[in-house]
Amino acid sequence: MIEVKDVEKSFSDSKILKGITTTFETGKTNLIIGQSGSGKTVLLKSLLGIHHPEVGTISFDGRIYSSLNDDEKRELRTEIGMVFQGSALFDSMSVAENVAFPLKMFTNKSKSEIKDRVDFVLKRVNLIDAHHKLPSEISGGMQKRVAIARAIVNNPKYLFCDEPNSGLDPNTSILIDNLIKEITEEYNITTVINTHDMNSVMEIGEKILFLKNGVKAWEGTKEEIFRTDNEAVVAFVYSSNLFKKVREAYLKE
Amino acid sequence: MLIRYLSQVGKYFLMLKEIFNKQTKWSMMRNLIFKEIDDLIIGSLGIVAFISFFVGGVVSIQTALNLTNPLIPKYLIGFATRQSVILEFAPTFISIIMAGKMGSFITSSIGTMRVTEQIDALEVMGVNSLNYLVFPKIIALLLYPFVIGISMFLGIFGGWLAGVYGGFTSSADFITGAQMEFIPFHITYAFIKTFIFAMLLATIPSFHGYYMKGGALEVGKASTVSFVWTSVTIILFNYILTQLLLGS
């Protein structure tokens, strides 16, 4: 479980996060949504330790990040898996080498153990014949799946995904969403996803945090988001006619 | 403006400190070092050999053409070629060329990793990205003096070939000149310079790549800025080291 308490973060004179307090639960897909500039990415990067909030605390199962020393922070980071928006695969390494990287770096597993684990996670994300290909030789959807495989290969406790379906076609987006949800439940991971994609909200949003201008404007489940009368959420989530109709249909049931 | 430059210099020294913190696992680091030796050292040998050979030849011809007074002995062609190549051409001129070749490669490769979030990925995993990316380059460039040694040899050899086969001097005169008043400390001085330049070549382009912000266009700009600053720093250190080691 990740607990965020009164987190504030500024850049130069502008305050981006204004006292965010929330909890991201274990075994659930937690979504952060909001308009561009609402502070989603800053919150995600603060959770990852890339940005350091001036006020407030972030704790990982009771371990307050800002109170940890450098070694403890690095140790904690080995428990984190991250899927970046652009996948962030290492260009010079093959798919298998990318996935094996955290194992080679942080474990003392033998070559055959690493190979077995890499084969297992690549099979888990439905990538069987891509071991020796370079990231530039595979499609965007496959790159995302490699990034997910790399993120989960070392059995992380926490999985973060920044816009996991940006730039993907609708079918691949659904596959990626479902894959993340399945992995979260299967391995009991605390998953936090930063997304703009309303399909993801409707499909996998077990806990949704809505940010507006750096403030927590609403939080709830995907069922609750259909019933909410919070104006900011309604204006953002149901801005398209399609989603308005989906909501109407849901409320009629 | 001055504060900005001083702040950058401070940031550079903090980066140097961070490079040696939290070492990457040796089994990974060993492969990275071999890869950097291949990219930076082996990959530079061809261009260094080509430039050294022909510039050595040109130095020899230019010296010969300027020795118009018949009282000046021809062996000075060998002497001038040796002195020019060992003292300045090989350590300094080649290092400035390498600031363009190696430096832009280092800045653009690290800069591209920054733009594509690969450095963030390393940091999030708990890897000391500065150690992972820059330390192997520093170790690989410990072999840079060998490149400069080859450059010295080929520069003098090119001078001999151009002098003798161009009809400017005899082989015996050139070799006499090349051995005349040889001061072994000049070799030490050249290699001290080379070692310092190697460290600058590894770290300044890395600094510009690592801390760059923006997209693909900024990677190109960072490479240019990196070349300018590496060259300026090499020239400044060349002056300071020459004054310190030979000036007194």
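1. **Ground rules.** This is a predicted model, so local features need pLDDT of at least 70, side-chain atom pairs count only at pLDDT 80 or more, and totals for chains, interfaces and linings use all residues. Residues are numbered from 1 along each chain as its sequence is written, while chains are lettered from A and ligands numbered from 1 in the order in which they are written.

2. **What the record says about chain A.** UniProt, in an unreviewed entry, puts "domain: ABC transporter" at residues 2-238 of chain A. UniProt positions here use the numbering of this note, feature names are shortened, and annotations may be inferred rather than shown by experiment. In the model that span is 39% helix and 26% strand, with its end C-alpha atoms 29 Å apart. Helices (H or I, at least four residues) and strands (E, at least two) are DSSP runs, numbered from the N terminus.

3. **The four-stranded sheet.** Chain A has an open, antiparallel sheet with strand order β2-β1-β4-β5. Two strands pair if DSSP finds at least two bridges between them. The edges are β2 (14-24) and β5 (63-64) of chain A; each has a single partner strand, so one side of each lacks a neighbour in the sheet. As background, strands of a sheet pair through backbone hydrogen bonds, either parallel or antiparallel.

4. **Inside that sheet.** β1(A) and β2(A) pair antiparallel over eight bridges, and Lys9(A) has Leu17(A) in β2(A) as its bridge partner. The two strands make a hairpin with two residues between them, and Ser12(A) in the turn has a positive phi of about 50°. On to β4: strand β1 (residues 2-11) of chain A is joined by five bridges to strand β4 (residues 55-60) of chain A, again antiparallel. There, Val4(A) sits opposite Ile58(A) in β4(A).

5. **The six-stranded sheet.** A further open sheet in chain A runs β6-β7-β8-β3-β9-β10, with mixed pairing. β6 and β10 (215-220) of chain A are at the edges, each with a single partner strand, so one side of each has no neighbour in the sheet. On average, neighbouring strands are turned by 20° against each other, direction ignored. Strand β3 (residues 29-34) of chain A runs parallel to strand β9 (residues 207-212) of chain A, with five bridges between them. One of the pairs to look at is Leu31(A) with Ile208(A) in β9(A).

6. **A helix across the sheet.** Helix α1 (residues 40-47) of chain A lies across β3, β7 (158-162), β8 (190-194) and β9 of chain A, at about 150° to β8(A). Axes are lines fitted to C-alpha atoms, for helices over the stretch in contact, and angles run from 0 to 180 degrees between N-to-C directions.

7. **Chain B overall.** Chain B has nine helices and zero strands. Its C-alpha trace spans about 70 × 40 × 35 Å along the principal axes. UniProt (unreviewed entry) lists "transmembrane region" at residues 40-65, 85-106, 138-162, 182-204 and 225-246 of chain B. In the model, residues 85-106 of chain B are 100% helix and 0% strand, with end C-alpha atoms 27 Å apart. Residues 225-246 of chain B are also 100% helix and 0% strand, with their ends 31 Å apart.

8. **α8 against α9 in chain B.** Helix α8 (residues 184-210) of chain B packs on helix α9 (residues 216-246) of chain B at about 155°, axes 9 Å apart. They are therefore roughly antiparallel (under 35 degrees counts as roughly parallel, over 145 as roughly antiparallel, 65 to 115 as roughly perpendicular and the rest as oblique). Among the contact residues are Phe197(B) and Leu200(B) of α8(B) and Trp229(B) and Phe237(B) of α9(B). Contact here is C-beta atoms, placed from the backbone, within 7 Å. By class there are 16 nonpolar, six polar and one charged residues. Ala, Val, Leu, Ile, Met, Phe, Trp, Tyr, Cys and Pro count as nonpolar, Asp, Glu, Lys and Arg as charged, and the others, Gly among them, as polar.

9. **α3 against α9 in chain B.** Helix α3 (residues 75-115) of chain B packs with α9(B) at about 145°, axes 8 Å apart, in a right-handed crossing. Gly100(B) and Gly103(B) of α3(B) and Ser223(B) and Ser226(B) of α9(B) are among the residues that meet. This contact has eight nonpolar, 14 polar and no charged residues.

10. **Where the chains touch.** The contact takes 14 residues from chain A and 13 residues from chain B. On the chain A side, α2 (70-77), β6 (80-83) and α3 (95-106) give two or more residues, and α3(A) gives the largest share, three residues. That side has nine nonpolar, two polar and three charged residues.

How values were computed: Contact = placed C-beta atoms within 7 Å. Left-handed = near helix turned anticlockwise from the far one by under 90°.
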